[in-house]
Amino acid sequence: MTLGVVMIVHEALHRATQLARHWANHGCPVVIHVDKKVDQDTYDQFADGLSDLDNILFCERHQCEWGTWSLVAASQTASELMLDRFPDVQHVLLASGSCLPLRPISELKAYLADRPTTDFVESVTTEDVPWAVGGLNAERFTLRFPFSWRHRRKLFDAYVKLQRKLGYQRRIPLSTPPHLGSQWWCLTRTTLSAILEDPRRPVNDAYFRRVWIPDESYYQTLARQYSKKVESRSLTLSKFDFQGKPHMFYDDHLQLLRRSDCFIARKIWHKADRLYDSFLSDAPSLNASAEPNPGKIDRVFAKAVDRRTKGRPGLQMQSRFPHRRWGATMTAEPYVVLEGFTELFKGFEPWLSSFGKVRVHGHLFAPDRVHFENAETEYFGALSSSAPLRDYNPGAFLTNLIWNTRGERQCFQFGPADNQDITWDVTRDANARIHVITGAWAVPLFLSNGKFSQVRREAARLQRIEREHLSILQSDHARARIRIQSLSDFVLNPIEPLQDVVDQLAIRERPKLKETPEMVHLGGFGQFLQNLKNQGMHPHLVGDFPSDYVAERPLPSRQAPYLVTK
């Protein structure tokens, strides 16, 4: 049994020469189609370089363009010449100038000889596997596509919209539903001859001439009509990214390609000398009887797609920011955001810093400056305390802070007086742990002893900002872990939420709190809130704070009893 190879070539002709010789020297006739866009002098040099081999032929040339009928016409012309000039060929393989054999040709020929009536062509219906990228699955068979997608994109899109608006539907002149699949097939002589010699070929060709990307559907559909046995898979390993673009293989993919046990792979970079030298040698195969199994390396490609779309959590490239809709994580590690705690407790930040390996910052997004821990003016990674620099991109500022301090748990204060541009970023960040005491902004106003008319205006402003902030935290887009409680609820039982904060900050040991830090004096705070109400400003975010509130003294810790013996 002889295997024939149809090669579609348009660039890197020196590699195509090397590949054609490899096929021909191992007993495989080769018919080469060279894109008509290749100039005549280059084509003549290419043909002369292979003229010493009588089992390599060149067919009539077509000017090829991606996504158009020209690619099918090129393969038809080359296949007709193959079937006419090489009667011993029983399987015909379609390959490109960048398709590299990964195993000895003898193994591929033996594999096909054991399956003389099997056609290897990926062939699935759009209803079964809607894998096509670009939004055109079933419509590629029911609409007309006379315009180039790459070179006349606006006209292409406008014509599609017009057909949809008019309700235009093409009649499909086939006895089997249209199928899709990889354009790299290996068909038996019987099936390929039936497709090319079909009396209805003019009708079939006229229909597929206006199908979107016909080289992915012409042979894939017609093989279903004539084949005795179809294995819906390609013998050529080809991987595509999330945008439908083919993956390129380089020298560092050598072991990956060997592990796949596939017979052929594309697309191979034309300068990957190590790959060409390794796979085009006469070295024996390590596992001659292995079944091609591209699934072995699917995990690597899935990981590559994940890294391409989401990146490394908390690390941003200089060239582009991660796409939020792809689920990219904003920060590298968990961190804690506290709202209202420093307003309620004296010396809260030093007290919290004593628990584990934690950095407790002040208000990082305060309007005057960045309040780093210990009032630093510069922090890890040359982060500046300048508010204008921070506000140029608050999200990137926080991302850099968390990335630069990996291994340490970060905590910072936030409130309605701070820059609110960070709210959506933090809310959508799964690493954020947000604790909110609503209405705590009223405590500094109460202690300020300022002019009451000004206090009232400031209270109304802060409450309005916090209300908008809470609406974002409570939205359906929130991915952070969020705990919200009013000031009135918090002061009745502060130790439970404080314990929760400490648990999230302590990476290893989680100490049990026995007492809270000293709370500011809130005597008369209830009357202050009532005065705000009397002036027409209702501080509803504070909650139902008692007008006669008196802070309870914490119970003294009891020492464990001990027994004295003589």
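## Surface patches and overall form

Tyr168 sits in the loop that runs between helix 6 (153-166) and strand 7 (186-188). Helices (H or I, at least four residues) and strands (E, at least two) are DSSP runs numbered from the N terminus. The model is predicted: local features need pLDDT of at least 70, side-chain atom pairs count only at pLDDT 80 or more, and totals for chains, interfaces and linings use all residues. Residues are numbered from 1 along each chain as its sequence is written, and side-chain values use heavy atoms, with hydrogens and water left out.

Together with Leu162 and Leu166, Tyr168 makes a nonpolar surface patch of about 300 Å². A negative surface patch is formed by Asp39, Asp41, Asp44 and Asp48. Asp48 belongs to helix 2 (residues 40-48).

Patch residues have over 30% relative accessible area and no salt bridge; like charges are joined within 9 Å, nonpolar side chains (Val, Leu, Ile, Met, Phe, Trp, Tyr) within 5 Å. A salt bridge is a side-chain nitrogen of Lys or Arg within 4 Å of a carboxyl oxygen of Asp or Glu.

| Residue | Relative accessibility | Class |
|---|---|---|
| Asp48 | 55% | exposed |
| Tyr168 | 34% | partly exposed |

Buried means under 20% relative accessible area, exposed over 50%, and partly exposed in between (1.4 Å probe, protein chains only). Of the 566 residues of the protein, 50% count as buried.

The protein has 22 helices and 17 strands. Its radius of gyration, 35 Å, is well over the 24 Å that the globule rule gives for 566 residues, so the protein is more spread out than a compact globule. That radius is taken over C-alpha atoms, and the rule is 2.2 Å times the number of residues to the power 0.38. The C-alpha trace spans about 105 × 75 × 45 Å along its principal axes.

Methods. Areas by Shrake-Rupley, 256 points an atom, 1.4 Å probe, with all protein chains shown as cover. Lys, Arg positive; Asp, Glu negative; His and termini not counted. Charge placed at Lys NZ, Arg CZ, Asp CG, Glu CD.
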